[in-house]
Amino acid sequence: MAKPTVGILHPGSMGAAVAACAATNAGAALWCETGRSTASAERAAQAGLTSVATMTELLDRSDIVISLCPPAAAEDLARDVAGHGFAGVFVEANAINPERVQRIAGLFVPDATVVDGGVVGSPPVRGKTPTLYLSGPVAGTDRIEALFAGTAVQTTVLGTEVGKASALKLAYASFQKTSRVLTALAVGMAREHGVDQELIEVASRRTDSYLAEPEYVAKTAARAWRWGPELEEAADTLAAAGLPPEMLRAAASTLARWQGVKDDSELTLTDALDRLAQP
């Protein structure tokens with residue numbers, strides 16, 4: 001069987017790394033340079049992706065399209081792909097709620113196959129091995145499993161129901177991301193009263209406590225631009241299940257205070273806590 005051509009929308013830190021893995025078993029891995037930043041171009045080049053000038057060219061050439069973008073952009077991006085009449089395998093791999101994934105699946109022509117995806121873990125670089133959870137038609141999940149076979153992206157199929165992979169992703173994100181926001185608040189409160197080192201000492205007596213590793217606060221601040229919208233999606237999922245969404249919405253609101261430090265690798269714990277204290 002001929003190797004598929006894969007299109008990636010768009011090569012952020014996760015998207016570029018995932019696309020680089022997909023390229024291992026693909027005939028070509030494409031990305032569209034139009035309207036993208038210099039940073040995106042650099043990531044795409046490092047990942048070995050082939051640049052095309054237009055979205056139309058990417059969709060015309062691709063057998064598989066993988067969407068990895070900020071949650072707010074996911075539906076509009078899928079609508080653009082569906083509007084083109086794309087009839088291959090579309091992997092909706094963004095951190096969005098199951099209802100949105102199902103709505104997106106309804107946009108595509110009958111010949112297309114929509115696979116629900118959720119990446120759990122860090123980008124597959126420097127020894128990291130995230131898992132791409134999949135759900136949807138067997139014909140589609142089989143192709144995506146084959147695409148990532150033998151790469152740093154591990155795949156697990158959850159079944160044929162579109163929405164399961166997204167539900168798992170958001171359930172995990174609800175704990176992982178909210179716990180780090182709570183760490184920031186706890187350390188900030190302790191620092192205000194001069195007991196932050198004592199708090200860390202107390203937490204270090206327990207295992208698996210983010211309080212014992214406050215350096216995660218700065219990393220959380222730098223990722224807040226992505227995590228906040230993701231928690232809003234998770235809150236919507238809770239509300240749809242009849243569960244209270246207020247805690248996740250509050251965490252998302254807290255993350256919004258870190259606007260302006262997107263992907264700032266130089267941010268310190270002190271800087272992050274100072275920003276958190278500013279309304």
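Biologist: How many nonpolar, polar and charged residues are in the lining of the second largest pocket?

Modeller: This is a predicted model, numbered from 1 along each chain as its sequence is written, in which local features need pLDDT of at least 70, side-chain atom pairs count only at pLDDT 80 or more, and totals for chains, interfaces and linings use all residues. Side-chain values use heavy atoms, without hydrogens and water. Leu-185, Gly-188, Arg-191, Glu-192, Leu-273, Leu-276 and Ala-277 line this pocket (on a 1 Å grid, an open set of points fitting a 1.4 Å probe, with protein on both sides within 12 Å along at least five of seven lines; lining atoms lie within 4 Å of a point). By class, with Gly counted as polar, the lining has four nonpolar, one polar and two charged residues.

Biologist: Which helix gives the most to the lining of the second largest pocket?

Modeller: H7 and H11 (DSSP runs of at least four residues) each supply at least two lining residues. The most, four residues, come from H7.

Biologist: At roughly what angle do the axes of H7 and H11 cross?

Modeller: Residues of H7, including Ala-184 and Val-187, meet residues of H11, among them Thr-270 and Asp-274, with heavy atoms within 4.5 Å. The axes of H7 (residues 164–192) and H11 (residues 269–276) come within 10 Å and cross at roughly 90 degrees.

Biologist: Which are the edge strands of the open sheet?

Modeller: Eight strands form this mixed sheet, in the order S3-S2-S1-S4-S5-S6-S7-S8; strands pair through at least two bridges. Those pairing on one side only are S3 (50–52) and S8 (154–157).

Technical notes:
Axes fitted to C-alpha atoms, helices over the stretch in contact; angles between N-to-C directions.
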